[in-house]
Amino acid sequence: MVFVKYRATLAELTGKREERIEAQSIKDVLRYINAQYGKQTEKEAKRMLITVDSESILLRDGFKTRLNEDSVVGFFPISGGG
Amino acid sequence: MMQNPLYVHLDLGTGIVRQIPISDEYFKKYIGGKTLAARLLLDMTRPGIDSLDPESMIIINTGPLNGTGAPSSSRFNITFKNVLSGGIASSNCGGQFGVMLRRAGYEGLILTGKAQNPSVVQVIDGEVTLVDAGELWGLDMEETQEKLPHAYGKLVIGPAGENLVRFASAGSGERMAGRCGCGAVLGSKNVKAIVAYGTKRPEVHDPVKFNKFVRKWVKFIKNHPMTGEALPRYGSAGLVSKANATHALPTRNFKYGQFENADKVSGEMLTETKLTRNGNCISCPIRCERRVMVRGKEVKGPEYETMGFFGPNIDSDDLDAILELNYVCDTLGMDTISAASTIAFAMELKENGIADFGVEFGKTDNLAEVLHKIAFREGECAELANGSKWLSEKYGGKEYAIHAKGLELASYEPRRSVGMGLGYATANRGGCHLNGGYLALLESVGVLSMDAQTPKGKAEFTVFMQDALEAVSSAGFCLFSAQTFVTAIFFKLGPAHWFTRFVGRAATRVGGAVRLMLRSTSLLRFNSFYLLPHAEAIRLATGFKMYTGQFIDLGERAFNLERMYNLREGLTSADDTLPSRLTKDPQDKNRPDTVVSLDAMLPRYYKTRGWDEQGRPTAKRLNQLKIEV
């Protein structure tokens, strides 16, 4: 079971800040979100910064990033400033 | 045409006031803000004066867009000799002082000399006078402003400025001109406060077209995912999670790039648990300011830099402490970046058994007291008031004193954003992300993701971004207003979408094209509303020919003027460097590329700028930019 943390818009859309789900890749997590919370929520999730064990999936394999049993997946909003 | 700017010079020693009309040539070429101020500082000061010498000059000026109602255009600039680096400093601020200075009849105020007693400079409806500061001396920033008439635009210093703390700030309302020590320069001149008031409305060249343009621009800003959604919702503090995810969040004095408890000190946590409401600068539709409660009072909350530096960089996950320490710095009048970074350096000195200033990683309960001692230069903390470079020269630890040219780096770990590293090393005011071109936004914390480790293309993008940000700033705009240049489509697709990733990757391969564009600005005779609306706003406000090419030239002119000042004051290419922790010691021991490869980027950077191998602007380039030596 991987641990998923929802932040910002995704916490509002799912009504949860975290949950444990069965998934072997980020694609699986997105499929789960689609099935559980609808296509619009999945679309929003894809727009966010996604992390696995606190590291951006952009530094790994993107949506294809594989997950371990104890992986922590995070969804964070894109931000800016400086 | 907009009327030429009128500056006023006050010699604080003699009380002599003289008006300085800015010529057509200077107005068209240098516009205002930091660019015009850099020109005047070069023209009006002799080399080698210490920043805190009475003879030194401080220029507080505006840009042509200040007070016009254009979005995010209330920033005013302060230029002076950098107390930390000995080179040039420009620090800008979003308080209402700039707008009021213009309403009082002046686009710029120049101060030299030293007042005999602690004083307040008054600029009221065109008249400039020096009055006794009386009981104001000794008060903090907040108390000082409360004692001054409510309707005035105010620029004040706190105890840190009075005691010449080398990173003392000046504040207008709750907004700070934080960096480089302008508070100390004012303190050295016995100036506790400057107030401005007037009723003159800034006029623009073509009010009808200008107002129509402004309405369109405000709508664009409000609808853009960055300025209409992300910044209002999370402020700049929202960057903590992003920087952490890309190993770019300075942790334990830049030893690491990730913090285990980043979630507890993130912008999302700040918004969810501490935010009372948003605030904003005058005429800014972005409204990124965080309002939070500290000591039972609603105050301005921390920006990203402060979150990072009083959090992960001192190994703390105490969000309440960050809010408190941010407020303490703001009332004492100190730059949060330099104060917190100097403290982190002192923590590492202690950890290494070199010196003990009573500060330890992970311990925040005594830091408010430490900040007070720094501001008043008391006890064992007095030396911290000199900054990390000074400390490293006395005690050692130069390899991990995290500064460039004496100015402490901002909160982006450059070993995972090497273009940002090049920017820090070459920024004229020292370790500043904004003067450095802020490539971190394209490499590690934004929606696009250039390869953060490769030196390829970084020199060209750094030059372009540095110049663009200089130009935006010169007109009086907040740099956040420029973040719409990353088109909304990427936010809609998301950072992990193949197209967004493709564009990010491809960017490192188009350095040559960027360089060609920088050399062909005369061909860029158009304005793109969606990329840089600022140029069109300047054109409509001033009546000048101001197209994209001229706008980039303006920024390049600014950057070269600043460089010329630095060279005149004795800085050299040897100062375009970073501490060896960042250039020699890989952040990830298994990845040799996680260092800032300055040697690979600097020669190309100089070449792109049209400078010689020693980093000096060539006569040819200065001539092309129409800069008189």
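Begin with chain B and chain A shown together: between them about 2500 Å² of area is buried, 55% of it given by carbon and sulfur atoms, where buried area is the accessible area (1.4 Å probe) that two parts lose on being put together, summed over both. This is a predicted model, in which local features need pLDDT of at least 70 and side-chain atom pairs count only at pLDDT 80 or more, while totals for chains, interfaces and linings use all residues. Residues are numbered from 1 along each chain as its sequence is written, chains are lettered from A and ligands numbered from 1 in the order in which they are written, and side-chain values use heavy atoms, with hydrogens and water left out.

Next, select the residues in contact (heavy atoms within 4.5 Å), which are 38 from chain B and 28 from chain A. Four salt bridges cross this interface, a salt bridge being a side-chain nitrogen of Lys or Arg within 4 Å of a carboxyl oxygen of Asp or Glu. One to display is B:Arg233 with A:Glu12, at 2.1 Å from N to O. On the chain B side, helix H8 (225–234), helix H9 (239–245), helix H10 (267–273) and helix H19 (488–493) each supply at least two residues that touch chain A; helices here are DSSP runs (H or I, at least four residues) and strands likewise (E, at least two), numbered from the N terminus.

Then move within chain B to helix H2 (residues 33–44) and helix H18 (residues 458–474), whose axes lie 5 Å apart at an angle of about 90°, the axes being lines fitted to C-alpha atoms over the stretch in contact and the angles running from 0 to 180 degrees between N-to-C directions. H2(B) and H18(B) are therefore roughly perpendicular to each other, a term that covers 65 to 115 degrees. To see the contact, select B:Gly33, B:Lys34 and B:Thr35 of H2(B) together with B:Glu470, B:Ser473 and B:Ser474 of H18(B).

Finally, of the 53 salt bridges found over all chains, show B:Glu174 and B:Arg291 (2.6 Å, N to O). This pair links distant parts of the chain, 117 residues apart, with B:Glu174 in the loop between strand E10 (170–172) and strand E11 (175–177) and B:Arg291 in strand E14 (residues 289–294).

Note on methods
Angles under 35 degrees count as roughly parallel, over 145 as roughly antiparallel, 65 to 115 as roughly perpendicular and the rest as oblique.
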